[in-house]
Amino acid sequence: MDTDITHVLLVGGTGRFGGRLASALLARPGIHLHVLVRPGTRGEALRGLAEHGVTLVGGTLDDMRSLDSALEGVDAVVSAVSGPPEVRVEGQLRLLDSARRHGVVRFIPSDYSLDYTDADAGDAFMAAHRRVADAVVKSGVPHTFVLCGAFMETALSPRAQVFDFARGVVSYWGTGDEPFDVTAMADAARWVAEVVVDPHAAGQRLEFVGDVATVNGVAALYEALTGQRLRRVCRGSVEDLRRQLVRARPEGAFVQASSAQLSVLSQLAGKGRLREPATAEDTRLRPMTLRDFVEARWRMVPASARVTSPLASQP
Ligand SMILES: NC(=O)c1ccc[n+]([C@@H]2O[C@H](COP(=O)([O-])OP(=O)(O)OC[C@H]3O[C@@H](n4cnc5c(N)ncnc54)[C@H](OP(=O)(O)O)[C@@H]3O)[C@@H](O)[C@H]2O)c1
């Protein structure tokens with residue numbers, strides 16, 4: 001049974017994951033979607049949203065008055081913002097405060113990550129998630145935390161510093177068989193759209209995983225599909241990686257663009273794996289496996305481009 005949540009405000013709906021969230025929320029009957037749009041933000045995504053009957057509300061996390069007016073008549077808030085601490089922490093705390101004063105019945109902060117309650121996972125970056133999570137619990141606002149490991153899109157991008165398909169190189173620490181949790185963005189988005197109206201999700205920290213991968217497994221999959229051999233480079237032991245992660249982020253420091261990197265590297269270092277992910281049966285979703293994901297990308301590569309630039313040419 002669903003709650004009577006109808007009006008959902010999405011903040012960060014113009015972003016990479018937020019765009020997928022907007023589509024997933026729109027696909028759910030009974031939800032009327034509002035999207036907060038910063039002054040000056042333009043683009044295809046916005047035109048698409050407006051055509052689908054979304055209420056676009058001007059505003060920014062920096063301006064409490066704009067948040068208060070965006071929260072009018074809203075039942076639930078889903079955040080998919082990203083940025084420096086002024087946005088990720090202070091901005092979301094303002095959003096939470098406004099949500100509390102407006103009596104929203106569901107608040108989902110912008111997590112969609114590995115398990116940041118594992119104290120050593122991702123250090124300073126994940127500490128920002130923890131600060132927001134603590135404030136959410138303290139606020140008394142009914143909430144749900146959503147964790148999904150690494151996005152497949154980011155885990156396989158060169159930004160994660162593991163797979164560099166364009167150069168034909170794959171990096172690993174330890175044996176390459178260390179597992180990490182991955183979920184396709186669209187599946188994580190579909191799951192959030194389920195969770196936001198689910199009465200049983202109130203007060204929960206929910207975990208959902210599309211697949212469990214290893215560096216060797218992804219490399220083998222890629223080679224079988226493309227016929228291209230990847231050069232494997234051992235960067236050290238798992239202990240070396242742990243030391244490197246701690247050194248890279250002194251306490252209190254903020255590392256930009258670290259979602260992609262940390263979501264995989266921390267897990268390879270044995271940190272932040274999800275403990276009790278829901279199964280496909282629990283969620284009624286059939287998430288993409290990593291194999292589905294890689295094959296789908298491969299099918300999108302034109303035959304003429306396959307020899308020179310296999311999966312690397314995909315976004
Ligand atoms: N698990 C993983 O592997 C992984 C990987 C990537 C991201 N993530 C997580 O997913 C979430 C979304 O990340 P993303 O990569 O989709 O982010 P993104 O593409 O950078 O989008 C950020 C969004 O935040 C909005 N925003 C930024 N500053 C704002 C402000 N002051 N007021 C209002 N809105 C503001 C942006 O609006 P404009 O369009 O106006 O700039 C945009 O809609 C984050 O929590 C991130 O950590 C997880």
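Is Trp191 buried or exposed? In this predicted model, Trp191 is buried, because its relative accessible area of 5% falls under the 20% cut-off.

Trp191 takes part in an aromatic pair with Phe208. The ring centres lie 4.9 Å apart and the planes meet at 20 degrees, so this pair is stacked. The pair links distant parts of the chain. Trp191 belongs to helix H7 (residues 185-195), whereas Phe208 sits in the loop between strand E11 (204-207) and strand E12 (211-213). The two residues are 17 residues apart. Phe208 is also buried, at a relative accessible area of 1%.

A search of the whole structure gives five aromatic pairs. Phe163 and Phe165 form a stacked pair, because their planes stand at 15 degrees, with the ring centres 5.7 Å apart. Phe163 has a relative accessibility of 1% and counts as buried. Phe165 counts as buried too, at 9%. One aromatic cluster is made up of Phe17, Tyr112 and Phe151.

The strands were examined next. Five strands make an open sheet in the order E3-E2-E1-E4-E5, and their pairing is parallel. Strand E3 (55-58) and strand E5 (106-108) stand at the edges. Each has a single partner strand, so one side of each lacks a neighbour in the sheet. From one strand to the next, the twist averages 20 degrees.

Within this sheet, strand E1 (residues 7-11) and strand E2 (residues 32-37) run parallel and are joined by five bridges. Leu10 stands opposite Val35 in E2.

Methods:
Residues are numbered from 1 along each chain as its sequence is written. This is a predicted model: local features need pLDDT of at least 70, side-chain atom pairs count only at pLDDT 80 or more; totals for chains, interfaces and linings use all residues. Side-chain values use heavy atoms; hydrogens and water are left out. Rings of Phe, Tyr and Trp (its six-membered ring) pair if their centres lie within 6.5 Å; planes under 30 degrees apart count as stacked, over 60 as edge-to-face and the rest as tilted. Buried means under 20% relative accessible area, exposed over 50%, partly exposed in between (1.4 Å probe, protein chains only). Helices (H or I, at least four residues) and strands (E, at least two) are DSSP runs, numbered from the N terminus. Two strands pair if DSSP finds at least two bridges between them. Axes are lines fitted to C-alpha atoms, for helices over the stretch in contact, and angles run from 0 to 180 degrees between N-to-C directions.
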